[in-house]
Amino acid sequence: MKVLKRKIIKLTNNLNKNQVQLKKRALYYLGKRDYSRAELRKKILVYSETLEITKDNLELVLDELEKKEWLSDIRFSEQFVLTKKRKFGTRKIAHELKLRGVEELIINRVLKDIKDDEFFLAKQIWEKKFNQIPITINEKAKQIRFMQSRGIEVSIIHKILSGKSPELL
């Protein structure tokens, strides 16, 4: 009976040590940059399998990181939008956040903050690349394709290419 208890205690201690190792690995990644929950799960999943940690225990580790506010989809999304808004439109940013496993509600919340400046951000993207109203149909098509590839909405693209300020439209 005593031997069996020792083995059980030893097994639970190993499990706890493995969870601590997994948590350390997750904190190492989070120390470098913010991750969404889905990204971090994907990143440490293989390591958790080598430690023989179940997916439920992996989720418990992630829950603990969220509880201590070391892992936050909202903070990740805000940082992501902050770094990408000068280069991409809201549609592209929303798509990228979805690919990274962020919930739709959080995406809408963080994009709401830049919706007011969307025209001016898009105009900056356009000016950096072209800064000249297209003369030919081919030039216009090229500029429209470029802006669409950056995730800028068509209505905004047409406003920019018309050459009018947004107050007049």
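User: Which residues of helix 9 are buried?
Analyst: This is a predicted model. Helix 9 spans residues 154-162. Its buried residues are Ile156, Ile157, Ile160 and Leu161.

User: Why do the buried residues of helix 9 lie on the same side?
Analyst: Take Ile156, Ile157, Ile160 and Leu161, the buried residues of helix 9. Their directions from the axis place them on the same side of the helix, because they cover an arc of only 130 degrees.

User: Which helices do the buried residues of helix 9 pack against?
Analyst: Two partners take part in this packing, and both carry residue ranges. The buried residues of helix 9 pack against helix 7 (118-129) and helix 8 (137-149).

User: How are helix 8 and helix 9 oriented to each other: parallel, antiparallel, perpendicular or oblique?
Analyst: Their axes lie 10 Å apart. The packing angle is about 140 degrees. Roughly antiparallel would need an angle over 145 degrees, and roughly perpendicular covers 65 to 115. Helix 8 and helix 9 are therefore oblique.

User: Is the crossing of helix 8 and helix 9 left-handed or right-handed?
Analyst: On the helix 8 side, the contacts involve Lys140, Gln143, Ile144, Met147 and Gln148. They meet Val154, Ile157, His158, Ile160 and Leu161 in helix 9. Helix 8 passes helix 9 in a crossing that is right-handed.

User: Is glutamine 143 buried or exposed?
Analyst: Glutamine 143 lies in helix 8. Its relative accessible area is 5%. The cut-off for burial is under 20%. Glutamine 143 is therefore buried.

User: Which side chain makes a polar contact with the side chain of glutamine 143?
Analyst: Leaving out residues up to four places away in sequence, glutamine 143 touches Trp126, Phe130, Gln132, Pro134 and Leu161. A polar contact of 2.8 Å joins its side chain to that of tryptophan 126.

User: What is the phi of the glycine that follows helix 9?
Analyst: The residue after helix 9 is glycine 163. Its phi is positive, near 85 degrees.

User: At what angle do the axes of helix 4 and helix 5 cross?
Analyst: Helix 4 covers residues 73-84 and helix 5 covers residues 90-99. Phe76, Ser77, Phe80, Val81 and Lys84 in helix 4 meet Ile93, Glu96 and Leu97 in helix 5. The crossing is right-handed. The axes come within 11 Å and cross at roughly 145 degrees.

User: What share of the chain's residues count as buried?
Analyst: The chain has nine helices and zero strands. It has 169 residues. The share that counts as buried is 35%.

Notes. Residues are numbered from 1 along each chain as its sequence is written. This is a predicted model: local features need pLDDT of at least 70, side-chain atom pairs count only at pLDDT 80 or more; totals for chains, interfaces and linings use all residues. Side-chain values use heavy atoms; hydrogens and water are left out. Buried means under 20% relative accessible area, exposed over 50%, partly exposed in between (1.4 Å probe, protein chains only). Helices (H or I, at least four residues) and strands (E, at least two) are DSSP runs, numbered from the N terminus. The arc is that of the directions from the helix axis to the C-beta atoms. Contact means heavy atoms within 4.5 Å. A polar contact is a pair of N or O atoms within 3.5 Å; within protein, one must be able to donate a hydrogen and the other to accept it, and residues adjacent in sequence count only if both atoms are side-chain atoms. Axes are lines fitted to C-alpha atoms, for helices over the stretch in contact, and angles run from 0 to 180 degrees between N-to-C directions. Angles under 35 degrees count as roughly parallel, over 145 as roughly antiparallel, 65 to 115 as roughly perpendicular and the rest as oblique. A crossing is left-handed if the near helix is turned anticlockwise from the far one by less than a right angle, and right-handed if clockwise.
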